[in-house]
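Trainee: Could you take me through one part of this model in close detail, and then through whatever else in the backbone deserves a careful look?

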Amino acid sequence: MLTILVIIPYPELYDKAEAVLRENAGPDIRYQITHLYGTKVDEMDVGDADIILARGLTQKTIKRKFPHLTVLEMSVGTYDVVQAIYACKKRFGAGKIAVVGSDVVLHDMEAIREMLGVELRFFSVAYEEEIRKVLDVIGREGFDAIAGGLTACTIAREYGFNNSLIRTGEETLGTAIKDAMNTAAVMLQERAKAEISRSILHNSQDAILYFDSAGRLSLYNQRACDLMHFPTGPHITGKTVGELFNDRDIIQNVLRLKEARGLLKTVNQNSLLFNFSPVNVDGRTIGVVCTFQPVQEIQAVETKIRKELSRKGLVAKYGFGDIVHAGNAMQETIATAEKYADADANVLLIGETGTGKELFAQSIHSSSRRRAGPFVAVNCAAFTESLLESELFGYAEGSFTGAAKGGKIGL
């Protein structure tokens, strides 16, 4: 839910603002309307407002007071200014008119001067105290009337100047509120994206660290803190990879900003498998994502999958008799495979796609002493090269950092 606070300069705008807000507000947007003018916002309570829409000096003052909020300006349209200048000419017979307001109010005033046939001068103010200084100048230079916002007109009356209020028209009000609604919709989308990213980051089974191009930590999840024994809290943000790791390979992979996969390392007595992926924006590498998992967990998942496949009764469906063939070459290949089926040694099948490698694999299994056991097909593409090598063929003690004591027998 997101809240828009609309600040109107005079009560007559309330019903118009309410109608536009009611028509355009969606289910995720709430709105409030309050009346305030001038720069006396010291005691103003913005509540839970996410977006504030105000006019003129009020908007500028609120923006300075609440820099953390999105404060939009209810811009005054050119037609609204023309009406106020015309009112000065008609009501007071003014030929020399001063327009006092913000930079937005003064937009396109040169064209207005020629159109209405009056002498105009533009006084831009950003603070209420500037208005009194401007009025002193206006008095000395003999202006007949003033057109301005509510604050300028209120002070002008104290000085005894003829004045005409620049009112906010219905079209201008509607456009400003619709712009605020569009801003709110974008903010809601960004909030949703941020929450999705946060949820992915902190619910991932992988430990995740993001380093910028200078090697400084910008983002991380709790999983990474737990595995690395990092202290939880914002104080680790901004630390360099060298301050967080004392392993040269890890540091170099982060600083290279290149992709690298399957780096096996022992950190805090944990054997971890590291992957590094660069982040590119508009063709420029701005950082690198470092993910890692304990090798023991990867192996446990693999074992669980094997047991589950075995439980489901995965068996070889084909035997040598199912291989349809013609020619002596294939017959000799089948005869050779039948001999290998009697051995306990590993068998490597090499051949082009579609030549029947899986048929031969199942046939060898069906003819072997293990025919009563499960036939488990493993998608080797899902493994990193180094992990696949160690799982299939095993490794000796001390063959790489993090190798289990005593080594490991392959499949």
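Mentor: Let us take helix H12, whose buried residues are Ile334, Ala337 and Ala341, where buried means under 20% relative accessible area, exposed over 50% and partly exposed in between, with a 1.4 Å probe and protein chains only. Seen down the axis of H12, these buried residues fall within an arc of 65°, so they line one face of the helix; the arc is that of the directions from the helix axis to the C-beta atoms. This is a predicted model, in which local features need pLDDT of at least 70 and side-chain atom pairs count only at pLDDT 80 or more, while totals for chains, interfaces and linings use all residues. Residues are numbered from 1 along each chain as its sequence is written, and side-chain values use heavy atoms, with hydrogens and water left out.

On the other side of H12, Asn328, Ala329, Glu332 and Lys339 are exposed, whereas the cover over the buried residues of H12 includes helix H13 (357-367), contact being heavy atoms within 4.5 Å. Helices (H or I, at least four residues) and strands (E, at least two) are DSSP runs, numbered from the N terminus. The 14 residues of H12 (328-341) should span 20 Å at 1.5 Å a residue, and the end C-alpha atoms are 20 Å apart, which agrees; the expected span is 1.5 Å times one less than the number of residues.

As for the backbone elsewhere, leucine 257, in the loop between helix H10 (248-256) and strand S11 (260-267), has a positive phi near 60° although it is not a glycine, and leucine 257 is buried, with a relative accessible area of 16%.
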